[in-house]
Amino acid sequence: MTGLLLRRLRDLVIILVIVGTMMFFVIRLIPGDPAQAILGPTARPSDVDALRQSMGLNGTLWEQYFSWAGNVLQGDFGTSITYHAPVLGVVADHILPTLTLAVLSTVISFFLSVAITSWQAVSPRNPVARALDRLSALGMAMPDFWISLMLVLVFSVTLRWFPSSGYENLFTDPATAVPALVLPLTVLVVGQTALFVLTLRESLLGELPLAYLRTARVKGLSERQVMTKHVLPNALMPLITQLGSNFAMLVGGIVIIESIFVVPGLGHLLMGAVSTRDFPLIQGVTLFVAVLFVLVNLLVDLSYALLDPKVRVS
């Protein structure tokens, strides 16, 4: 267990160095001068040069890189050009909406997928179970932006049941927050549940023919007991892997949902940073997502070690 933890911490450092270096040079390929974009086309050249100097953009590319890397090692991720505030503070102000959507949608999708797949396995001939199986494939095929627009059209514009945009803190004002979260959560749950159902179903199909289940049935256990006590604990291992990687990617790739429903999360923040060429903020958000990705996968590996003794021994 200790060796696993040390290896993952080593991987964290390597990934941060690679991601940080790549993002530093890639965002420099964005056309346009950030200082000129901030001050506008009518700004005086002296003002533009002064702003470039304050942003650290006057040196060579390598000088800029080593200056930025040295500051990051000291915990200084720079100051956001747009918000005129430390990058870490800006990221911290926008992380709660993204984590709220990611955590709630992942938890709901997990329990829905386990319930649907278990029902399909216990009652494979049930017409409703078969219909849910086909809906899972359909949910994988439908793009998030299309589902979002359809939900807004039906439930916000036509029926006026839920607001089409906005966000409130779930912990400070739940009465206002819950209706605003319904539509974006629905979009995320549809796609995730479809993916989890397909993943868990394939795992279940691999477990059901095994000999130890025939032994359990011979001992007099019902199909429901066989499913809950024997099949699901073993079949959940691939789903846990999918759960971890999907959650990390969800945090970094929720841009479309946050843009459509005007949720002030990391995706919305990153889109604004790219459009304003806010280099420090782009790098800060990217590094935060990379850290989260590694930490979530570390938790997945540790849960594997706790659930599977063979992994723990190795």
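In what order do the elements of the protein chain run from the N terminus on? The order is α-α-α-α-α-α-α-α-α-α-α-α-α-α, where helices (H or I, at least four residues) and strands (E, at least two) are DSSP runs numbered from the N terminus. The chain holds 14 helices and zero strands.

This is a predicted model, in which local features need pLDDT of at least 70 and side-chain atom pairs count only at pLDDT 80 or more, while totals for chains, interfaces and linings use all residues. Residues are numbered from 1 along each chain as its sequence is written, and side-chain values use heavy atoms, with hydrogens and water left out.

## Overall features

Of the 314 residues in the protein chain, 36% are buried; buried means under 20% relative accessible area, exposed over 50%, and partly exposed in between (1.4 Å probe, protein chains only). The chain exposes about 16,900 Å², of which carbon and sulfur atoms supply 69%; accessible areas come from the Shrake-Rupley method with a 1.4 Å probe, and for residues only the protein chains shown count as cover. Contact means heavy atoms within 4.5 Å. Among contacts between residues at least 6 apart in sequence, 71% join residues at least 24 apart.

The unreviewed UniProt entry carries the annotation "transmembrane region" for residues 12-30, 95-116, 137-157, 177-200, 247-269 and 281-307. UniProt positions are given in the numbering used here, feature names are shortened, and annotations may be inferred rather than shown by experiment. In the model, residues 95-116 are 100% helix and 0% strand, with end C-alpha atoms 31 Å apart. Residues 137-157 are 90% helix and 0% strand, and their end C-alpha atoms are 28 Å apart.

## Nonpolar cores

A nonpolar core is a set of buried Ala, Val, Leu, Ile, Met, Phe, Trp, Tyr and Cys residues joined through side-chain atoms within 4.5 Å. The largest such core has 39 residues, and Leu 101, Phe 261 and Leu 281 have the most contacts inside it. Two or more residues each are given to this core by helix H1 (2-27), helix H4 (61-73), helix H5 (87-122), helix H7 (144-158), helix H8 (174-207), helix H10 (223-252), H12 and helix H13 (279-307). H13 provides the largest share, seven residues. Apart from this core lies another, of 12 residues, including Phe 110, Val 231, Leu 236 and Leu 239.

Leu 281 is in contact with Ser 80, Tyr 83, Val 87, Val 90, Val 91, Leu 269 and Ala 273, leaving aside neighbours within four places in sequence. In helix H12 (residues 266-275), the residues Leu 266, Gly 267, Leu 269 and Ala 273 are buried. Seen down the axis of H12, its buried residues fall within an arc of 160 degrees (taken from the directions from the helix axis to the C-beta atoms), so they line one face of the helix.

Thr 106 lies in helix H5 and is buried, with a relative accessible area of 6%. Beyond residues up to four places away in sequence, Thr 106 touches Gln 192, Phe 196, Leu 243, Phe 247 and Leu 250. Ser 113 is also found in helix H5 and is buried at a relative accessible area of 0%. With the same exclusion, Ser 113 touches Thr 193, Phe 196, Val 197, Leu 200 and Leu 239.

The side chains of both residues come close to backbone oxygens: that of Ala 102 lies 2.6 Å from a polar side-chain atom of Thr 106, and that of Phe 110 is reached by the side chain of Ser 113 at 2.7 Å.

Val 263 lies in the loop between helix H11 (255-260) and H12 and counts as buried at 2% relative accessibility. Its contacts, not counting residues up to four places away in sequence, are Pro 97, Leu 101, Gly 166, Tyr 167, Glu 258 and His 268. The C-alpha atoms of Val 263 and Ser 165 are separated by 7.2 Å, although these residues are 98 residues apart along the chain.

|---|---|---|---|

Note on methods: Polar contact = N/O pair within 3.5 Å; in protein donor to acceptor, adjacent residues only side chain to side chain.
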